Each structure stands twice: as C-alpha cells, then as structure tokens.
Amino acid sequence: MEDKDLLQEEYGFVLEDVRSNGASKVLKTDKGLFYLFAAPEGYKYKSKFIERVRKHVNEQQDIGMLKLVKTVGGQGHIVSDEQLYYLYRGVRERTPEDPYFTIGQSLAKFHLATSAFKGDKLFIPYSSLGSWPSMWRRKLRHYNEFRDELDELEGELTSMDEFLLTSFTYVHQLGEIAVHYLLASGYDKVVKETAKYGKVAYQNFDQGYMLWNEKDARLVAGEWNWVLDMRARDIGQWLKAETKRSGWKNEKAASFLDGYNSVSPLLPDEYAVVYGLMLYPGRFLKLVEAYQELPYEEKLEVNGELWHSQLEDELARMEEALRQYPHLVAQRYGASIPQIDWLWRPEDEEAKGVSDEASSE
C-alpha cells in the first residue's frame, strides 16, 4: 500500500517512514511502530477460520501472537486496490544470535502448535493440502492458453508480450518438470504422513512472519495469510524467498533446516517435496496472470525489458539453489533426492535461448 492518506485516515496516525521486511512493511508513525501485512482481497471471507486458528495458537505456550490493531472504525482490516491490509502493534525486537536457525526453530514450533487444530474439515475452501499437482497443472494450462492467445494476436505485440513468448519454453518446461517431480517424490504419501506435525501454513512464508521481542518471546504474525497445508510448503517458500533476496548460501539454508529439525525433524521424502516446490515457477506464473488481466493501454506501460532482466537474475539464483540443495540434504541429513540436470545453462545463455527440443523430451 502506498496511500499514506488512507492509512492515516483508517488508523489515526501520521506516517513518517516505511521500510520493507520480507512479507511485511514496518511503519514508523507519530504513535509508534507498526507492522503492515497484505493478503488477497478474497481472504476477507475466511474470518471464522482465522479466528479459530488464532484462538488455538494463543492457547499454546511456546509461541504467541502479535497484537492486532483495529481501525478507528473498529475493523480488523481494510480493503484497497483488491488487497486486504491488516496492522499489528510493533514490539521492541531482538535479533537472535543465529537468525536462520532461530526462524527455522520458531517455524517448527508454530507448525507443531497447529498440529492439534480441530475443525480443519470445516474450512476446506481454505485448504491447499493434497492439491499442489492439480493447482500447478491448472496454472500451466492457463499459461499455455495465454501463449496461444499471443500467437494469434492481430496487431503489434508489447515488449512484455515478446518477453513472455521468448521465455515460454523454459518456464513451461520448468513447471511441467516440477509437477512430475512432485508426484515421483511421493507427494501423496507425504501429505498423509505429515499432518500430525502441523496443519496450518502460510500462503508464501518469508521474513516478517516470525519475530522475537526483547524478552526473547517468539511472536507470530500474518494470520490472514494462513492456509491449511503441510509444513513443507513453508520450508520451500522460505528457501525460495531467501534465495531470491540474497542468492543461495549453503550455510544459511543449513542453519534454517537445522533449526527446524532441532524441534521437529523432517522425513526423508519431505526434502524431495521441498525441491519440487523450489522448481515450480509460481511467482512468474502469478505475474503472467496479473499481466493478462490488464487493459491493453496499461499493458503498453509494462516494462518487458525490466521484467526480463529481473527474471534472468532470479533464474540464475534459483538454478544455483537447485544445484546445491540436493548435495546439502544428502550430506547433512542423509536424504538422497534426484537432481534435474537439464536446467543448467551456460552463464551467457538467457531463458529465451532454451531450445524447443527440451520441451518435447
């Protein structure tokens, strides 16, 4: 959200400064510090689910919740520009000595805190459990249909259209491989075996969802981003987010996984499911969906060259992660998972240079 006036009107403070922290924005105001989170507008309908999970988490001893701030009108959130926004009161934060280990540890404690959650069958619309392959395939079909639309388009292509056409083969094949890899890794079995370790996950887990105050208490944020899913989702999404942010670092990934395993050890097959999630180009496909919905006049304003550059940088970072992750989990945790070798490209070869032959194998 960039509407300073709207925030001030809804919450009654004067906004002085804003900085990003992964999934959240940290707001400095005349009334102190606040954390702002966003979720899809449609999530406003799952208030009963959020209330039930929040109550359950609050009953646990190992983890607490940040204090939600209501608007001046007494609402727990606001909706603007097709997004739901909600605010927490800031705390005096403490930076752990090993933040990666600690966030893994805290995430595991959060998952375990939701393992005994009752009523999950009442909230099926907010569940992604067991449906990754079908969801991924549906998004790939939409992507394929959009590519066909561009091929048949009469008139001049935008720079973004050209970028999407040139990168189609690589991204689509990456998605297809991710689906097949997921199924081959025993995804359905992992879904059944890991329910006892946690029932609630985040839409896209990242920095900002777990904090520690000066008294060293673990605090959880981001409730409107909760979904019913297994813990591998959060682990994979954190690894992807951290890789996109600062590149793959073996020591950071190992510390995060060590922290998680110190509380709730992962099963061998879960490491392969996490790898499948790392393979899947979810952010890119989401970008395509958002672009597809734009009016033609707004599409002309999208900088395709900028997105091309950003994707190339992201692909290079993720390729390094996909190279290193199997070796890391084999050496450190004894989990042997297959690697996808065709992804590796020469340093001077861009996504548009991947040949069509790769997609037909």
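Biologist: Which elements each supply at least two residues of the lining of the second largest pocket?

Modeller: Three of them are helix H3 (99–113), strand E9 (210–212) and helix H7 (231–246). Keep in mind that this is a predicted model.

Biologist: How many residues line the second largest pocket, and which lie nearest its centre?

Modeller: The lining has 15 residues. Nearest the centre are Asn-21, Pro-99, Gln-207, Met-210 and Trp-212.

Biologist: And what is the lining of that pocket like by class?

Modeller: Eight residues are nonpolar, four are polar and three are charged.

Biologist: What volume does the second largest pocket have?

Modeller: About 330 Å³.

Biologist: New topic. What is the mean pLDDT of the protein chain?

Modeller: The mean is 88. Of the chain's residues, 94% reach 70 or more.

Biologist: Which element has the lowest mean pLDDT, and which the highest?

Modeller: Helix H13 (residues 357–360) is lowest, at 28. Helix H8 (residues 250–263) is highest, at 97.

Biologist: Where does pLDDT stay under 50?

Modeller: Over residues 346–361. The model has 23 contacts beyond four places in sequence for that stretch. Where pLDDT is low, though, predicted coordinates should not be read in detail.

Biologist: Now the strands. In what sense do E2 and E3 pair?

Modeller: Antiparallel, over six bridges. E2 and E3 form a hairpin, with two residues between them. Ser-24 has Phe-37 in E3 as its bridge partner.

Biologist: Over how many bridges does E3 pair with strand E7?

Modeller: Seven, again in the antiparallel sense. There, Ala-38 stands opposite Tyr-85 in E7.

Methods: Residues are numbered from 1 along each chain as its sequence is written. This is a predicted model: local features need pLDDT of at least 70, side-chain atom pairs count only at pLDDT 80 or more; totals for chains, interfaces and linings use all residues. Side-chain values use heavy atoms; hydrogens and water are left out. On a 1 Å grid over the protein atoms alone, a cavity is a set of points where a 1.4 Å probe fits but cannot get out, and a pocket is an open set with protein on both sides within 12 Å along at least five of seven lines; lining residues have an atom within 4 Å of a point. Grid points are joined across faces, edges and corners, and a volume is the space filled by probe spheres set on the points. Helices (H or I, at least four residues) and strands (E, at least two) are DSSP runs, numbered from the N terminus. Ala, Val, Leu, Ile, Met, Phe, Trp, Tyr, Cys and Pro count as nonpolar, Asp, Glu, Lys and Arg as charged, and the others, Gly among them, as polar. pLDDT is the predictor's confidence in each residue, from 0 to 100. Contact means heavy atoms within 4.5 Å. Two strands pair if DSSP finds at least two bridges between them.
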